[in-house]
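Please open the model in your viewer and keep the sequence panel at hand. The stops below are given in the order in which they may be selected.

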Amino acid sequence: MQQLINIVENLLLEHDCVIIPGFGGFLLQRQSAQLRNGALLPPRIVVGFNRQLTHDDGLLVSLYARQYALTWQQAKTEVARKVKRMQQCLCDSGHLSLGRLGEMYLNGDILSFSPAAALFLPQNLGLVTLYPEKRQEEPVVTIRLRRRTLHYAAACALGFCLLAFPPKSGDDGFEQYAAINPVNYTAILTERQAAIEAEQARQAEEAARIERRKQCRFHIVVASLDKQAAHQYAARLQNEGYNDAFVLPYKRNQYRVILSSYSSKNTALRQMQQLRQQPAYRRAWVYCEH
């Protein structure tokens, strides 16, 4: 069953609806920001389920056949067998775990689906829950003093001012200046120069990376997303060590996430085959830019 769930997760990266024939359809739904139990939940994409969507549109079976090197009829038979196991498990225990999609419960004739956080979706990357701090009112302390005590306090304050700021004498001819802390201009200039050199090095590296991209015509594509999700996914790949990852515009509101690029077609194909051995990049493919 896990193989079938993995196929559904991969298809949801590019499609808003994925149907498991004879079982139901999983749909992506946008959820607005919510305030729950004092926590601010960000807007996100959640996975919904509709048991009425059982018609086979061929999407899941085609990917299953391609991923496991089966004919279309063999893949259809295998998917039907796994769906039967899922239904049997649900009827026997009343519960079915769907991995990162969520949990499904059967109580009599009532079927309910509890979605998971769907953190595998690129649209949900970087979203965090906020916990606003409660402002506490500062206590007010009232101090009551007797009038005689105030007279003593005023006399002490006047004596302190006379000691700290004695009256000037017109005969000494000296002027007093406040001490000024010296400024280390050398350290400031050195720090600014280091920042300028670091920025120049970054710009030079980015220019070299762009020049390498111009020379490479074969790109390994790992996802096709909208603009915001594509840039978030590319940033995550760069943080994971794929420094050459970038976003390539494809068509209106759709962008391709490039993991790496090569000038040789054979090299790109070899790297793609090695990359497909990782579960996260099983659908990687090579795009030739003309």
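Begin with residues 17–20, strand E1, and residues 24–31, strand E2: in this predicted model the two strands pair in the antiparallel sense over four bridges. Within this pairing, Cys17 has Leu27 of E2 as its bridge partner. Next, select the turn of the hairpin that E1 and E2 form, where three residues lie between the strands. Gly22, in that turn, has a positive phi of about 80 degrees.

E2 and E5 run antiparallel and are joined by seven bridges. Gln29 can be selected here together with Val46 of E5, which stands opposite.

Then move to strand E4, residues 39–41, which contains Leu40.

For the next stop, select the open sheet of three strands, ordered E6-E7-E8 with antiparallel pairing. E6 (95–97) and E8 (110–115) are the edge strands; each has a single partner strand, so one side of each lacks a neighbour in the sheet. From one strand to the next, the twist averages 15 degrees. Six bridges link E7 (residues 102–107) to E8 in the antiparallel sense, and Asn107 has Ile110 in E8 as its bridge partner.

Finally, select helix H3, residues 72–93, which packs on this sheet and touches E6, E7 and E8. The direction of H3 makes about 135 degrees with that of E6.

Definitions and conventions:
Residues are numbered from 1 along each chain as its sequence is written. This is a predicted model: local features need pLDDT of at least 70, side-chain atom pairs count only at pLDDT 80 or more; totals for chains, interfaces and linings use all residues. Side-chain values use heavy atoms; hydrogens and water are left out. Two strands pair if DSSP finds at least two bridges between them. Axes are lines fitted to C-alpha atoms, for helices over the stretch in contact, and angles run from 0 to 180 degrees between N-to-C directions. Contact means heavy atoms within 4.5 Å.
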